[in-house]
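Please look over the sequence and the model shown below before reading on. The paragraphs after it go from the whole assembly to single residues.

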Amino acid sequence: MLYKTSVSRKIFLVFDYLILILMGLSCFLPLLHVLALSFSSSSAATAGKVGLLPVGLNLSSYRYVAAKPEFWRAAGISLLRVLIGVPLQMLVTVMIAYPLSKDKNEFKGRSIYLWFFVVTMFFSGGLVPTYLTINALGLIDNFFALILPGMVSMFNVIILLNFFRGLPRELEEAAQIDGAGYWTCLWKIFVPLSKPAMATLVLFSAVGHWNAWFDGLIYMNKTSNYPLQSYLQTVVVAKDLSMITSAEMMSLKDISDQTNRAAQVFLAMLPIICVYPFLQKYFTKGIVLGSVKG
Amino acid sequence: MRKSVEFNVAGFRIYFVMKGAIYLMLQKNAIGSADQKKARTNKVRLQLPLHLMMIPGIVLVVLFCYIPMFGIVMAFQDYNPLLGFFKSPWVGLDNFIYMFSMPDTLQVVWNTLYIAILKIIGNLLVPVVVALLLNEIGSRVFQRSLQTIIYLPYFLSWIILATVFIDILSPSSGAVNKILGYLGVEPIYFLGDQKWFPLTMVFTDIWKGFGYGTIVYLAALTGIDPTLYEAAVIDGANRWQQTWHVTLPGIRSTVILMMTLQLGNVLNAGFDQIFNLLSPVVYKTGDIIDTLVYRMGLINTQYSLATAVGLFKSVISMILIALSYWLADKFANYRIF
């Protein structure tokens with residue numbers, strides 16, 4: 001480096017580190033607080049004594065959650081929706097993106113198809129008409145109401161379409177000369193070659209399914225059909241008393257509501273926190289794929 | 001009478017155009033040999049798999065996007081679920097007139113604009129500043145780990161974050177008010193005070209999203225040609241001058257792009273967030289179009305009115321999104337496909 005580190009530069013760097021560390025802490029400490037709260041005793045929690053470390057360390061709130069079948073049922077539905085929803089969404093995304101990545105003369109009617117899909121990015125029927133449509137299709141209280149309506153994500157299609165277009169055309173031409181059809185080309189060439197882009201889309205779609213709550217809330221009438229986040233919305237955020245039976249009301253007296261909530265919320269974010277550090281590369285790539293297209 | 005004449009003229013014009021087109025087509029066919037024709041049908045048959053692949057997507061989009069769009073007609077009806085779309089009485093623009101005559105509507109539109117615009121500005125400025133600060137730091141390890149931490153909240157749902165914020169922003173036991181207490185500030189009820197609620201929404205939204213923006217701008221910063229800095233140093237530029245003359249111009253196009261693409265969000269104040277943090281005490285400053293539509297439509301089952309309000313929002317949003325893509329194409333050479 002050509003410039004020397006002057007005193008003012010050193011002062012600047014100290015403040016720079018300080019500001020950034022404070023920002024990092026602001027993102028991390030609230031989550032640590034939830035964790036501490038979930039292990040604390042209820043009296044300490046209600047008294048507001050819990051900071052970043054548990055006060056009166058105990059497992060009673062986790063025992064409470066463990067004995068709560070509604071929580072695990074909802075978690076199971078969320079897991080199922082990730083396991084079924086993500087592969088289905090990827091399948092449809094690939095099958096739309098591949099033809100649209102072709103030239104106009106190779107795929108007749110490309111622009112008509114493209115506009116047909118792009119319109120959905122600009123305009124939607126809105127909350128009530130969509131709800132009434134789902135209702136009319138008989139999907140209320142049906143697990144697939146959580147999967148089918150969001151299956152075609154045009155943003156994902158466009159990301160994949162652009163990726164497909166960036167792959168060398170010669171590969172496909174060579175395969176076609178050897179007699180491979182479009183299906184073979186798609187599954188044997190395009191899908192394997194776009195693994196990095198696909199991994200990112202899978203990850204974002206999985207996080208989206210895990211975090212989705214509004215569809216569960218409006219399309220499911222029975223609370224036993226709620227995915228985890230919708231369940232948490234009613235139990236933890238809205239504190240819906242209809243879900244708490246009178247027997248539970250009794251137990252709520254001796255166990256603090258606050259620590260139980262913290263335990264449930266912590267368990268709900270645990271899968272993301274566990275996966276996140278290992279797949280950070282793909283999470284970061286998602287941004288660059290999505291917004292600063294190459 | 002006059003109308004029918006005009007219609008006839010138009011009709012004739014269409015007739016002539018059609019005739020010309022058919023004539024041209026016939027000629028083309030006559031010229032094209034049998035081989036070419038065969039090649040064309042072959043080509044269509046070859047392309048058939050591509051068309052077949054689109055079918056599942058088309059079915060889904062028709063069912064879940066286009067059919068609801070036709071449901072918008074009920075904004076112009078007095079929709080009754082028992083009568084359905086076809087028998088419900090038409091009321092023209094009554095729902096829209098009623099909507100604007102309600103005293104709450106203007107307040108709600110204002111709340112939406114206020115919160116959304118502050119969020120757009122904050123979500124633009126904070127990540128740029130953080131990216132610049134992070135860029136000044138030499139340690140790659142520090143850069144990478146900080147990036148990882150600040151990006152984490154982006155992946156947590158507002159359900160989870162709402163619980164966290166309700167807890168730490170509480171006036172009696174919340175951590176934020178405790179820290180403010182040490183500084184001698186009276187406790188603030190961030191989520192229950194009409195004055196503070198919109199700002200709390202803006203602040204917490206920026207908190208959740210700034211890690212995402214920072215990574216976008218860091219990517220743009222690493223794309224700046226290092227020889228530009230070397231040239232600047234040779235010309236005697238100090239750190240500030242380098243930032244001003246090299247770094248900022250280097251990310252200008254990305255900033256402009258992100259800004260234009262945000263234009264479509266002017267009426268999106270963030271339903272997921274506000275729905276989970278809103279309480280009736282702060283409806284006056286915190287109620288936004290989306291939460292109003294939800295309450296009207298799904299809680300009070302005023303289907304037509306809710307659809308009218310929703311339509312008002314989505315038409316304006318559609319125009320803004322189209323405008324933003326046009327601007328992005330014109331000024332940043334950015335096309336989504």
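The model is a predicted one, in which local features require a pLDDT of at least 70 and side-chain atom pairs are counted only at pLDDT 80 or more, while totals for chains, interfaces and linings use all residues. Residues are numbered from 1 along each chain as its sequence is written, and chains are lettered from A and ligands numbered from 1 in the order in which they are written.

For the complex, the predictor gives an ipTM of 0.86 and a pTM of 0.84. Residue by residue, its confidence is expressed as pLDDT, on a scale from 0 to 100. Chain A has a mean pLDDT of 85, with 88% of its residues reaching 70 or more. Within chain A, confidence is highest in helix α4 (residues 69-100), at 95, and lowest in helix α13 (residues 246-254), at a mean of 44; helices here are DSSP runs of H or I with at least four residues, strands are runs of E with at least two, and both are numbered from the N terminus. Over residues 240-255 of chain A the pLDDT stays under 50, and for this stretch the model has 13 contacts beyond four places in sequence, where two residues are in contact if their C-beta atoms, placed from the backbone, lie within 7 Å. Chain B also averages a pLDDT of 85, and 87% of its residues score at least 70. In chain B, confidence is highest in helix α5 (residues 103-135), at 94, and lowest in helix α1 (residues 2-31), at a mean of 43. Residues 1-31 of chain B have a pLDDT below 50, and beyond near neighbours in sequence this stretch has 0 contacts in the model.

Chain A has 15 helices and 0 strands. Of its 294 residues, 38% count as buried, a class that requires 20 or more other C-beta atoms within 10 Å of the residue's own, whereas 12 or fewer make a residue exposed and counts in between make it partly exposed, with C-beta atoms placed from the backbone. Among the contacts in chain A between residues at least 6 apart in sequence, 70% join residues at least 24 apart.

Chain A is divided into domain 1 (7-60) and domain 2 (63-291), with bounds that come from an automatic or database domain assignment. The C-alpha centres of these two domains of chain A lie 32 Å apart, and 10 residues of domain 1 are in contact with 10 residues of domain 2. On the side of domain 1 that touches domain 2, the elements giving two or more residues are α1 (7-38) and α2 (42-46) of chain A, and the largest share, 4 residues, comes from α1(A). By class, this side of domain 1 has 5 nonpolar, 5 polar and no charged residues; Ala, Val, Leu, Ile, Met, Phe, Trp, Tyr, Cys and Pro count as nonpolar, Asp, Glu, Lys and Arg as charged, and the others, Gly among them, as polar.

Between the chains, 73 residues of chain A are in contact with 67 residues of chain B. The element that gives the most to the side of chain A touching chain B is α1(A), with 13 residues, and by class that side has 50 nonpolar, 18 polar and 5 charged residues.

A:Asp141, in the loop between α6 (127-136) and α7 (154-166) of chain A, has a positive phi near 65° although the residue is not glycine. B:Thr301, in the loop between α14 (289-299) and α15 (303-332) of chain B, has a positive phi near 45°. Most residues other than glycine have a negative phi. A:Asp141 counts as exposed because 12 C-beta neighbours lie inside 10 Å, and B:Thr301 counts as exposed with 12 such neighbours.

Notes
pLDDT is the predictor's confidence in each residue, from 0 to 100.
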